[in-house]
Structure formats: structure tokens, C-alpha cells
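Here are my notes for you to read with the model open beside them. Take the points in order and find each residue as you go.

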Amino acid sequence: MRIALGIEYDGHEFYGWQSQADLQTIQGCLEAAVADVADEKIALICAGRTDAGVHAIGQVVHFNTNASRSPHAWTLGTRTLLPPTISVRWSQTVDDEFHARFSATARSYRYIIYNSPIRTAILASRVTCYPHPLAVERMRAAVPCLLGLQDFSSFRSTQCQSKTPIRNLHSITITRQADFVIIDLKANAFLHHMVRNITGVLLRIGSGRLEPAAMREIMQAKNRKAAFETALPNGLYFVSVDYPEPYAFPKTPHSLLFF
């Protein structure tokens, strides 16, 4: 039997998604909890691995099991065994063809910037604080050259294990709500650090340290050294995953992200 789960987590105190010996990770905590409910060893596959400090409200995972449990048991039973910073939002039985990663047609991320000279203490681990004024119009002007099926080598971590730097970036929207600047991105898939590296350049453009045209030059260089610093993980959220029919999973409300 194959089960899919919808997962939410605050990644601040974890060393990312992937299990690592002697380190607290999202995968490690989840596998231990699900295994306890299933009464057997469990191996989880996720839609997209997240780095240390990165959060998620719409992560999707799947696992195979010989155990027969109700959806209520998989959700509530697993939640009771997890730390308060990880939650299982839903569970659903799927066919053996479903794969949390390879069945996905698109992923969406949101990056939240608290744009104020006074840093926030309450939201310190959940947003990226940026003290310099940001011109959203300048940031938006840099976006069009990133859209479509392209080589994103300039925004790819040197540790990225993907076989190809080609990705199809469907959309980027940038909005401001009071002191918050929100960047929403959707693509078929993302390279390691791709969102954070793009955001790092957008912050320079928004603050006036780079012209919007620099984004095209960086993109065309196809070289990580052409870009600048990687934005912090604090403000990054894995928001949702798209799947084809017949996989209709519950949608997580964006209200969990304050907006």
C-alpha cells in the first residue's frame, strides 16, 4: 500500500529535509514517527528537499507500507509523535504509480522579506530581515528574462546534484504589503539554492546596487560566479506541489504565511 502525506514544518531548528547521522532533520523525525504508527521501518520520499532553516506548508511525501491504518491514524497518530514544529495536515491512499517527486508537474515557493531598518524579534526565524529600502518596481523589471525553459547555471549551488541546469520557471510575482516584500515563484522544479540565489540578486536590484538589466547578464553568463550572495533561508517556504489527475490533494491555505 502507498500513502501520501501533506506536511507542514518550521525548519528553523532542523538541518534540512534529508536524514543525516546524528543531526535532527525533517525526514528523520517524520520517518521515526510514521514507523511507530506503522510498526515497521518506513522510507519517505518527498516532493522537494529543503535546506536547513527552510520551512514548508505544502510539502508532499509518500511511503510504502504493509500496515493497514485509517487516514485519521496516519495523521493524528503521527502528529502526536512529532515535535510541535512538524505537522501532518492530511493523508491519502494513492496508487503504486504515484511518486511524490517524479509525479509532480510544478512546485511553488514563497520568499518573505521583512523590509524595515528595525529588525523583527518575533519573526526572526520566519522571515529575512532586510534593512535597506527596496523598490519593488525595480525588482519586477528584472523578472521577465528569468521566465520560461532556460539554463539556470548562474543560480545553481556548486553542491547541486541535478543532472541538468535546465528548468522551466513558470512565474515570478513580487508584491509589497506594508513592510513585507513577498516573492512567489513557480517552476517545474528548482535547482539547489536556485530561489535563494535569484532572491539575492533581486535584493541588490531592489536596493539600487544593481540595475534591473544586470539580471539578464547574470543569466546569460551561465556561471554561478556571475551572481552574488545566497539569500538567507529564514524567509523561504515550500508552498505547494502540482500533480496531474487523478491526484487531487487538499490545498494548504496561504494564510499560514501571514498573507
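1. How much accessible surface does the protein chain have, and what share of it belongs to carbon and sulfur atoms? The surface comes to about 12,100 Å², and 52% of it belongs to carbon and sulfur atoms. Areas like this come from the Shrake-Rupley method with a 1.4 Å probe, and for residues only the protein chains shown count as cover.

2. A word on ground rules before you go further. This is a predicted model, where local features need pLDDT of at least 70, side-chain atom pairs count only at pLDDT 80 or more, and totals for chains, interfaces and linings use all residues. Residues are numbered from 1 along each chain as its sequence is written, and side-chain values use heavy atoms, with hydrogens and water left out.

3. Now the overall build. The protein chain has five helices and ten strands (DSSP runs numbered from the N terminus: H or I of at least four residues for helices, E of at least two for strands). Its C-alpha trace spans about 60 × 40 × 35 Å along the principal axes. Of the 259 residues, 54% count as buried (buried is under 20% relative accessible area, exposed over 50%, partly exposed in between, with a 1.4 Å probe and protein chains only).

4. Go to the core next. The largest nonpolar core has 77 residues, and Leu146, Phe155 and Tyr243 touch the most other members. (Such a core is a set of buried Ala, Val, Leu, Ile, Met, Phe, Trp, Tyr and Cys residues joined through side-chain atoms within 4.5 Å.) Helix α1 (residues 26-38) gives the most to this core, with eight residues. There is also a second, separate core of ten residues, including Ile57 and Phe180.

5. Leu146 is worth a click. Not counting residues up to four places away in sequence, Leu146 touches Phe152, Phe155, Leu169, Ile172, Ile198, Met215 and Met219 (contact means heavy atoms within 4.5 Å).

6. Just after α5, Lys222 takes a positive phi of about 55°.

7. The structure holds ten aromatic pairs (rings of Phe, Tyr and Trp, using Trp's six-membered ring, with centres within 6.5 Å; planes under 30 degrees apart are stacked, over 60 edge-to-face, the rest tilted). Phe98 and Phe249 make an edge-to-face one, 5.4 Å centre to centre with 85° between the planes. This pair links distant parts of the chain, 151 residues apart: Phe98 in the loop between β4 (86-94) and β5 (106-115), and Phe249 in the segment after β10 (236-242). Phe98 counts as buried because its relative accessibility is 0%.

8. Leaving aside neighbours within four places in sequence, Thr252 is in contact with Ile57, Gly58 and Arg89.
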